[in-house]
Amino acid sequence: MKDRPGSGTHFDALETRSAEARAAWLAEELPRQVALARSLPGYAGALDAVDPEAITGRDALAALPVLRKARLGHAQGADAPFGGYTARPVQGFAHVFQSPGPIYEPGGDAPDWWRMGRFLHACGVGQGDVVQNCFGYHLTPAGMIFESGARAVGATVLPAGTGQTELQVRAAADIGCTAYAGTPDYLKAILEKADEMGETLRIEKAAVGGGALFPSLRQYYADRGIACLQCYATADLGNIAYESAAQEGMIVDEHVIVEIVTPGTGDPVPDGEVGEVVVTTLNRDYPLIRFATGDLSAVMPGESPCGRTNMRIRGWMGRADQTTKIKGMFVRPEQVAALVARHDEIARARVVVTRADERDVMTVQIEATGGEPAVFEASVAEILKLRGAVEVVAPGALPRDGLVIEDKRSYD
């Protein structure tokens, strides 16, 4: 069975299984995964009363407690960098990564450990392609996640990372990169710089993540002959769901179980209703059970026209809390609170996110009496891990609506 022209055969036979075959396989795998988690110190008390043999599918999972990222962070420490949630010690992993929080995540060296090859294959990336990987390789895992996926499909990788756009263009032109991996908007910056430099790039495929792919930006790439597809992945879970050439929702990865629940409760919502994405992974090194992502989505009916038969979700539809992804990085309400706490002059602050020229724009509005804007800007860059404009406003000028992060971007 084949996808639409240009995307090749399916990655493996798992993608086209019948619902009955997938359910039977899950009934064997899931009890083993729950039993493994139950044996780990991080789950002590949470799964003690659970009979793993009874957890054979998504319906049974719904009776288990939800694991939130904050709990991972609180459990981590010098004696347990992964909080007791991994099946190996730190020394048993190939990599240790740090995400904002900080939260530490493991990285394995088994082939396609994060399962990103499935997505890159759906993008048409394979042998003969050179992937310009513009995800970060410093501390956070995104660069390594996509590199392992490229290896799984036999592609060559230019480990470009972020920044130095002129050098990115020079390398892409000299090497003949045919595919891009990175955040949705950075490719546009590379293409525009190439235009300025009079260079013609050979990039014709783009695999993006780490932020929303806005329809206008996808069309911009299409107009330049670049087929751009997006995935939904996290540092903890790896690939969760991905687009195919059909571009009708996101297909759930074959080694995770996705539930859509009422935010804050863990109770599943009817198919089609918007709720929080909760994921159980079958990764034996890092068995996260009912891990709450904080993201919103909904189940789509039916199967993808591309022939892949697993459940589909509508993709990223916002956050269950005010945590917001800006330029591929999460900004959390507690970071805004830390900014306010650092400076006695600041009474309150509000992060406003907009779009301009197909790029995220972050403005930090600060109610302050005195203080130097340049000093505030330095604190914003340090605490929020992103640079943005700072607007100092008079005391009482900011709305009292409970928002500390206001997302004004349109996702239609």
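Two strands count as paired here if DSSP finds at least two bridges between them, and strands (E, at least two residues) and helices (H or I, at least four) are DSSP runs numbered from the N terminus. This is a predicted model, where local features need pLDDT of at least 70, side-chain atom pairs count only at pLDDT 80 or more, and totals for chains, interfaces and linings use all residues. Residues are numbered from 1 along each chain as its sequence is written, and side-chain values use heavy atoms, with hydrogens and water left out.

**View 1. Strand 6 and its partners, strand 4 and strand 7.** Gly-182 has Val-208 of strand 7 as its bridge partner. Strand 7 (residues 205-208) runs parallel to strand 6, with four bridges between them. To get from strand 6 to strand 7, the chain goes through helix 7 (residues 186-197) in a right-handed β-α-β crossover: with the strands pointing away from the viewer, the path from the first strand over the helix to the second runs clockwise. Strand 4 (residues 130-133) is also parallel to strand 6, through three bridges, and Asn-133 partners Ala-181. Strand 6 (residues 179-182) is covered on both faces, with Ala-179 and Ala-181 buried on one side and Tyr-180 and Gly-182 buried on the other. Buried means under 20% relative accessible area (1.4 Å probe, protein chains only).

View 2. Strand 9 (residues 238-242) and strand 10 (residues 250-252) are antiparallel, with two bridges; here Tyr-242 sits opposite Ile-251.

**View 3. The largest nonpolar core.** A nonpolar core is a set of buried Ala, Val, Leu, Ile, Met, Phe, Trp, Tyr and Cys residues joined through side-chain atoms within 4.5 Å. The largest one has 35 residues, and Leu-30, Tyr-43, Val-258 and Ile-313 have the most contacts inside it. Among the elements supplying at least two of its residues each are helix 1 (19-38), strand 11 (256-261) and strand 12 (275-281). Beyond its neighbours within four places in sequence, Val-258 touches residues including Arg-58, Ile-240, Val-277 and Ile-313, where contact means heavy atoms within 4.5 Å. A separate core of 28 residues includes Met-116, Cys-123, Met-144 and Ala-246.

Definitions and conventions:
Buried means under 20% relative accessible area, exposed over 50%, partly exposed in between (1.4 Å probe, protein chains only).
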